[in-house]
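Work through the exercises below with the sequence and the model open. Each task is followed by a solution in steps.

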4 protein chains.
Amino acid sequence: MAFTLDTKHLTHAGVLAMLNAAVAAAEALGQPQCIVIVDASGEVLGEIRMTGAKFLSRKSARAKARTAASIGAPTTAIPEAARPHIAAATGGEVTGLGGGLPIRVDGVLIGGIGVGSGSADQDIDVAKAALSAIGADD
Amino acid sequence: MAFTLDTKHLTHAGVLAMLNAAVAAAEALGQPQCIVIVDASGEVLGEIRMTGAKFLSRKSARAKARTAASIGAPTTAIPEAARPHIAAATGGEVTGLGGGLPIRVDGVLIGGIGVGSGSADQDIDVAKAALSAIGADD
Amino acid sequence: MAFTLDTKHLTHAGVLAMLNAAVAAAEALGQPQCIVIVDASGEVLGEIRMTGAKFLSRKSARAKARTAASIGAPTTAIPEAARPHIAAATGGEVTGLGGGLPIRVDGVLIGGIGVGSGSADQDIDVAKAALSAIGADD
Amino acid sequence: MAFTLDTKHLTHAGVLAMLNAAVAAAEALGQPQCIVIVDASGEVLGEIRMTGAKFLSRKSARAKARTAASIGAPTTAIPEAARPHIAAATGGEVTGLGGGLPIRVDGVLIGGIGVGSGSADQDIDVAKAALSAIGADD
């Protein structure tokens with residue numbers, strides 16, 4: 001194996017485009033949301049708490065974003081039976097709550113987005129709108 | 001959407017009125033309580049631990065107050081099946097334990113109150129007495 | 001030495017009397033304050049953040065109350081040269097900031113009060129008003 | 001004193017306007033920044049870490065934003081001699097580092113902005129650009 005490999009990272013232009021698209025989608029649904037975007041190491045790149053969103057959903061949205069970035073898959077991919085055990089072993093950092101999606105561009109995993117304050121379906125819809133805004137992989 | 005919106009906040013006169021009413025209600029029940037009052041962002045405005053109340057109930061009372069302020073509803077509104085998952089994803093901050101109520105005046109959410117050390121019914125009764133003292137919405 | 005000794009503790013009636021007196025004194029000064037009262041083990045018995053007080057002063061007021069309860073003396077009794085070292089060694093829990101006073105009744109140390117958001121002189125004046133309200137030792 | 005008082009809060013439209021203006025100002029300076037916006041109780045409303053900004057500056061930017069919101073003044077208003085003591089007593093939450101400004105609209109304190117990763121002067125310039133974008137008081 002080579003000592004280094006090429007990768008990509010998400011710029012702040014990408015983050016702003018995602019936040020704007022997520023807010024627009026949440027406004028269209030009439031459901032204020034907390035939206036958190038992290039890089040491939042789980043560090044926050046950007047976030048917004050919409051007017052009327054639950055302030056504690058910032059924490060669950062962050063957990064969703066970090067989980068999705070860590071596993072490279074939607075948070076809901078974690079098997080239901082395993083969720084309490086993995087949550088306990090990671091201090092709650094790995095969550096199976098719906099609303100966390102990986103950010104992958106041209107097949108390269110570059111981060112995760114987590115959305116929380118609505119139903120799981122609403123959270124996922126808002127996250128997908130953000131991914132579309134930067135042409136991320138489905 | 002405008003850059004700012006009008007809202008209300010709870011004054012310390014309101015907090016003292018709530019604490020006094022809660023203590024009186026708890027004394028009438030013969031059940032010492034921990035009572036915590038937070039603002040709409042979950043920051044503590046006031047609290048008291050009554051003589052004989054469990055000191056660790058300060059923590060659960062705080063979680064109840066913050067949860068109610070965050071969701072704008074009683075803590076018991078959180079669906080039972082979701083509780084362990086949401087608790088884990090928020091480091092235990094979101095709780096479904098009875099005894100947390102939102103503080104809403106003229107329809108405006110201005111905070112939350114959490115009561116702990118008694119049974120769920122006792123905790124809720126004490127919280128309701130505090131809300132009545134300031135003419136908060138039911 | 002006997003295996004147990006008699007002591008006293010501060011009731012919630014005492015805590016409410018102290019909070020009310022402190023708030024009245026702060027209103028008379030025109031300086032909103034954060035006021036924290038702890039027991040002889042440093043556990044919070046009661047607190048209030050007045051309207052317009054700095055929310056981060058809750059933390060320093062808590063440190064002042066715990067320091068005074070721990071050392072059984074005003075926070076300012078800690079020698080100036082030692083302050084940074086003791087603060088570092090206790091994670092900031094021991095503070096020499098003015099505004100922390102021990103609560104002592106009939107010579108028995110039963111807790112501490114910490115006040116923060118004003119000048120050190122204002123903080124100390126408000127703490128003294130609270131002590132007077134329960135007939136605590138000077 | 002009434003039990004509630006009227007106030008204002010910053011909407012997410014305001015937060016997005018501030019983040020966009022801050023990013024534009026930082027790009028014009030050629031200095032990537034971490035920008036954090038909090039409400040009047042210090043809870044995060046929005047943040048962005050620009051491409052090339054120091055990731056640990058997220059923490060100092062958050063402390064700057066919370067300090068400015070708490071004291072209702074620029075972080076640099078904290079007297080230099082007091083800084084180490086107040087920082088210690090608040091677990092590092094109160095900072096005198098330049099780059100934190102209060103957000104005040106029509107005289108009402110509604111939050112704080114913290115900027116970090118550049119020099120103090122650059123941080124302050126970027127924060128001021130964000131305030132201008134929503135017509136906040138100087």
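## Exercise 1: a hairpin in chain D

Strand 4 of chain D and strand 5 (residues 108-116) of chain D run antiparallel and are joined by 6 bridges. The model is predicted.

**Task.** Find the bridge partner of Arg104(D) in strand 5 of chain D. Then state how many residues of strand 4 of chain D are buried, and which residue of the hairpin takes a positive phi.

**Solution.** 
1. Start from the pairing. The bridge partner of Arg104(D) is Leu109(D), in strand 5 of chain D.
2. Go to the turn. The hairpin has 2 residues between the strands. Asp106(D) has a positive phi there, near 50°.
3. Check the cover. Strand 4 of chain D spans residues 100-105. Of its 6 residues, 5 are buried, so the strand counts as mostly covered, with buried meaning under 20% relative accessible area.

## Exercise 2: chain D against chain B

**Task.** Describe the interface of chain D and chain B: its contacts, its buried area and its salt bridges. Which strand of chain D gives the most residues to the side that touches chain B?

**Solution.** 
1. Count the contacts. Chain D brings 22 residues and chain B brings 22 residues.
2. Take the area. About 1,900 Å² is buried between chain D and chain B. Carbon and sulfur atoms give 63% of that area.
3. Look for charge pairs. The rule finds 2 salt bridges across this interface. One of the pairs in salt bridges is Lys8(D) with Asp6(B). Their closest N and O atoms are 3.5 Å apart, and the cut-off is 4 Å, so the pair passes.
4. Between chain D and chain B, 10 residue pairs are in polar contact, with both residues at pLDDT 80 or more.
5. Assign the elements. On the chain D side, strand 1 (4-10) and helix 1 (12-29) each supply at least two residues. Strand 1 of chain D gives the most, with 7 residues.
6. Sort that side by type. It divides into 11 nonpolar, 7 polar and 4 charged residues.
7. Trace the strand pairing. Strand 1 (residues 4-10) of chain B and strand 1 of chain D run antiparallel, joined by 7 bridges. Thr7(B) stands opposite Thr7(D).

## Exercise 3: chain A against chain D

**Task.** Treat the contact of chain A and chain D in the same way. Which residues of chain A lose the most area to chain D?

**Solution.** 
1. Count the contacts. The contact takes 21 residues from chain A and 21 residues from chain D.
2. Take the area. The two chains bury about 2,000 Å² between them. Of this, 52% lies on carbon and sulfur atoms.
3. In chain A, His12(A), Arg49(A) and Thr51(A) lose the most area to chain D. Together they make up 32% of what that side buries.
4. Look for charge pairs. The rule finds 4 salt bridges between chain A and chain D. Arg58(D) and Glu43(A) meet in a salt bridge at 3.5 Å, N to O.
5. Assign the elements. Helix 1 (12-29) and strand 2 (44-49) of chain A each supply at least two residues of the side that touches chain D. That side divides into 9 nonpolar, 6 polar and 6 charged residues.
6. Trace the strand pairing. Strand 2 of chain A pairs with strand 3 (residues 44-49) of chain D over 3 bridges, in the antiparallel sense. Ile48(A) stands opposite Gly46(D).

Notes:
Residues numbered from 1 in each chain as written. Chains lettered and ligands numbered in written order. Predicted model: local features only at pLDDT ≥ 70, side-chain atom pairs only at ≥ 80, totals over all residues. Heavy atoms only, no water. Contact = heavy atoms within 4.5 Å. Buried area = accessible area lost by both parts, 1.4 Å probe. Salt bridge = Lys/Arg side-chain N within 4 Å of Asp/Glu carboxyl O. Polar contact = N/O pair within 3.5 Å; in protein donor to acceptor, adjacent residues only side chain to side chain. Helix = DSSP H or I, 4+ residues; strand = E, 2+ residues; numbered from the N terminus. Nonpolar A, V, L, I, M, F, W, Y, C, P; charged D, E, K, R; others polar. Pairing = 2+ DSSP bridges. Buried < 20%, exposed > 50% of the residue type's maximum accessible area, 1.4 Å probe, protein only.
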